[in-house]
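Please look over this two-chain model.

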Amino acid sequence: MKNHVWRPLFVVIAIVIGILLFRAFYVPSDFGTHDQGYTFGYHRLSNEQEWKDYPAKYKGNDYCNECHDDKIEEVESAHHATIPCENCHGAAFDHPDDPEKLIIDRSRELCIRCHAKLTMPSSDRNDIPGIDPAQHNKGEECSECHNPHNPSLEDM
Amino acid sequence: MKRRDFLKSTAVFVAGASVSVSALDFITPKELFAANPQLKWGFLVDTHKCVGCGFCVKACKTENDIPFEANVTRTWVERYVIKKDGDVVMDSPKGAREGFTTKLLDQNHSGMTLVPENEIAQAFFVPKLCNHCTTPACVQVCPVGATYQTADGAVLVDRTWCIGCGYCIMGCPYGVRFFHPVEHVADKCTFCYHRIKKGDNAACAQACPYGARQIGNLKDPNDPVAQALMNQRVGVLRDEYGTKPNVYYIGLNKEVR
């Protein structure tokens with residue numbers, strides 16, 4: 001064949017080899033379709049492990065109970081027993097090592113998440129005792145009168 | 001054309017066509033199902049139990065390092081107020097990260113509106129999160145294979161591989177995907193993959209004081225979520241898109257979009 005055919009052909013072959021080489025180095029060896037097939041499963045397999053290793057911040061009531069069993073017992077008989085400790089006390093992370101102390105959210109804004117009175121006839125929100133935050137002891141922290149671990153109005 | 005040529009080309013065409021058709025269906029959904037029969041994650045939301053406290057949103061943001069002040073979230077809660085004349089007023093102020101604390105409904109640029117008590121026919125909350133669809137539209141559109149479905153049904157994003165093109169954010173019919181303001185990649189709910197794979201509860205489900213959110217294995221007949229799907233009337237969001245969601249809702253109204 002003639003020179004003018006061979007020369008561009010060499011260029012094309014060189015480009016293709018270049019792309020294949022780049023791909024061989026750049027694409028990880030565990031990249032493939034795996035279990036779920038081409039449409040939904042094409043991925044780097046080790047990423048699943050990376051997500052599994054993501055650090056958890058919330059440790060759950062059982063973790064709190066390992067040291068603070070007296071507090072758990074106190075709240076257990078009250079209406080607020082259904083609320084996990086970490087909702088108000090903050091995520092445990094690696095407490096007691098890091099952080100040494102958890103910052104408790106005592107703000108009004110936290111309490112009125114549930115206790116602001118709304119009209120919600122097809123939701124359980126309607127059955128929660130509620131106040132109008134604009135009228136009810138404005139500016140005061142709820143915990144000054146109400147005990148969050150035993151919110152019963154009779155025991156106030 | 002001679003008869004010999006005609007027969008020849010017909011034979012070649014038929015042979016070629018049959019090969020390419022058989023090449024197309026080399027993976028069937030049934031085969032995939034059989035390959036991994038023991039585990040498939042599913043999520044159950046009871047809209048009656050949801051009180052709109054937004055602790056799930058707060059817990060999710062902390063657990064998954066989504067900046068609290070950024071206006072993006074992996075899960076959020078919507079409030080629906082259906083009036084007696086049939087009008088639907090809906091809001092989700094900042095994804096309900098601070099819960100619902102006022103009767104005023106946030107209508108964005110048209111301001112806050114108040115629906116008078118005597119006009120309300122129904123009012124309820126609907127928590128939303130990624131549906132981890134069985135046939136996810138977001139995965140199909142990813143040009144680099146950065147988002148994918150695991151064998152147990154979770155849809156995840158590979159943060160080192162995502163190029164941030166945003167196709168998946170546009171492709172999701174539920175609007176659950178967003179651009180992560182710190183990582184600069186597409187982000188979405190992972191069903192708390194790091195927690196559930198260790199046997200823990202998802203952060204949002206753990207934070208819910210009323211048990212409105214539950215995660216479970218749909219292939220275990222004794223699992224509470226699988227039980228509820230078998231015994232109760234449940235619905236999914238936007239069934240017409242054919243994405244086959246794995247988040248099921250008890251008490252879903254037609255007004256919920």
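## Basis

This is a predicted model: local features need pLDDT of at least 70, side-chain atom pairs count only at pLDDT 80 or more, and totals for chains, interfaces and linings use all residues. Residues are numbered from 1 along each chain as its sequence is written, with chains lettered from A and ligands numbered from 1 in the order in which they are written.

## Chain A

Chain A has 7 helices and 2 strands (DSSP runs, H or I of at least four residues for helices, E of at least two for strands, numbered from the N terminus). Its radius of gyration, taken over C-alpha atoms, is 30 Å.

An automatic or database assignment sets the domain bounds. Domain 1 of chain A spans 3–52 and domain 2 spans 61–144. Their C-alpha centres lie 52 Å apart.

## Contact between the chains

The contact (C-beta atoms, placed from the backbone, within 7 Å) takes 40 residues from chain A and 49 residues from chain B. On the chain A side, helix 2 (37–41), strand 2 (43–44), helix 3 (46–52) and helix 7 (108–115) each supply at least two residues.

## Helix 3 of chain B

Helix 3 of chain B (residues 55–63) has 8 of its 9 residues buried, so it is largely enclosed by the rest of the structure. Buried means 20 or more other C-beta atoms within 10 Å of the residue's own, with C-beta atoms placed from the backbone. Phe55(B), Val57(B) and Cys60(B) are among the buried residues. The buried residues pack against helix 6 (85–89) and helix 7 of chain A. Within chain B, their partners include strand 2 (76–83) and strand 6 (120–128). Asp65(B) follows the helix, with a positive phi near 55°.

Terms used. Contact = placed C-beta atoms within 7 Å. Buried ≥ 20, exposed ≤ 12 C-beta atoms within 10 Å, placed from the backbone. Rg over C-alpha atoms; globule rule 2.2 N^0.38 Å.
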